[in-house]
Amino acid sequence: MTFAETKKALKVFADTIIKQSKGNLRRNKKNKYITGSASGDLENSLGYKLDVNPKKFSLQFYMSDYGTFQDLGVKGSKSTYNKSKDSPYKYSGMYKSIPPQSLDKWMVKKSIKGVRDEKGRFVGRKSLRFLLARSIYEKGIRASFFFTKPFENAFEKIPNEIIEKFALDIEDFIGLKND
């Protein structure tokens with residue numbers, strides 16, 4: 001038994017989630033996270049693995065590690081964004097835990113070289129990197145739910161579709177299918 005109809009329904013389910021998640025990343029500019037590359041790595045890392053056979057059905061989604069931080073957010077040490085308050089992630093320790101080299105890459109891509117403070121003094125990249133890291137550490141990262149929302153929306157619809165397709169596969173298997 002191949003469960004072809006069930007496999008098709010699960011594939012449509014997974015494809016829909018990935019497509020909407022990628023669209024959310026592009027629309028909300030979350031493909032460019034603050035402590036990483038702005039190259040679309042997160043969008044390109046989204047995918048799934050589907051395994052349908054007579055003994056089990058398995059569907060696993062995957063993405064870059066930082067994708068879950070973008071999706072669910074990260075609580076800051078002092079304040080947090082409302083959307084991130086239920087996140088399982090929280091900055092702990094010092095803001096130095098935010099890798100400076102990743103902030104450097106981000107600053108170069110954004111052409112941030114240095115700025116002047118309110119007194120006209122030059123603030124260099126190293127100081128800006130420190131200020132950015134401290135701000136991220138204290139405020140956290142706002143949850144975008146770029147993956148969670150499409151998954152929940154598709155999951156609400158899938159039970160009936162899967163049941164119908166599974167029933168078609170069973171009917172075909174036992175010879176009840178009408179052609």
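Predicted model: local features only at pLDDT ≥ 70, side-chain atom pairs only at ≥ 80, totals over all residues.

Me: Among contacts between residues at least 6 apart in sequence, what share joins residues at least 24 apart?
Reply: Start with the contacts in the chain whose partners are at least 6 apart in sequence. Then pick out those that join residues at least 24 apart, and the share is 66%.

Me: How many helices and strands does the chain have?
Reply: Helices (H or I, at least four residues) and strands (E, at least two) are DSSP runs, numbered from the N terminus. Along the sequence they follow the pattern α-α-β-β-α-β-α-β-β-α-β-α. That gives six helices and six strands.

Me: In which sense do strands β1 and β2 pair?
Reply: Two strands pair if DSSP finds at least two bridges between them. Here β1 (residues 47-53) and β2 (residues 56-62) have seven bridges, and they form a hairpin with two residues between them. In this pairing Lys 49 stands opposite Gln 60 in β2. The sense of the pairing is antiparallel.

Me: Is Val 52 buried or exposed?
Reply: Val 52 lies in strand β1, and leaving aside neighbours within four places in sequence, it is in contact with Thr 2, Phe 3, Lys 7, Leu 10 and Phe 57. For the labels, buried means under 20% relative accessible area, exposed over 50%, and partly exposed in between (1.4 Å probe, protein chains only). Val 52 has a relative accessible area of 12%, so it counts as buried.

Me: How far apart are the C-alpha atoms of Val 52 and Lys 7?
Reply: Along the chain, Val 52 and Lys 7 are 45 residues apart.

Me: Why do the buried residues of α3 line one face of the helix?
Reply: The buried residues of helix α3 (residues 65-72) are Tyr 66, Gly 67, Gln 70 and Asp 71. Look down the axis of α3 and take the arc of the directions from the helix axis to the C-beta atoms. The buried residues line one face because they fall within an arc of 145°.

Me: Which residue just after α3 takes a positive phi?
Reply: Look at the spot just after α3, where phi is about 80°. The residue there is Gly 73.

Me: Which residue forms a salt bridge with Asp 15?
Reply: A salt bridge is a side-chain nitrogen of Lys or Arg within 4 Å of a carboxyl oxygen of Asp or Glu, and the whole structure has four. For Asp 15, the closest N and O atoms of the pair are 3.0 Å apart. Both partners lie in helix α1 (residues 4-28), four residues apart, about one turn of the helix. The partner is Lys 11.

Me: What does the salt bridge of Glu 138 and Lys 78 tie together?
Reply: The side chains of Glu 138 and Lys 78 meet at 3.6 Å, N to O. Glu 138 lies in helix α5 (residues 125-139) and Lys 78 in the loop between β3 (74-75) and α4 (100-109), so the pair ties together parts that are 60 residues apart in sequence.

Conventions:
Residues numbered from 1 in each chain as written. Heavy atoms only, no water. Contact = heavy atoms within 4.5 Å.
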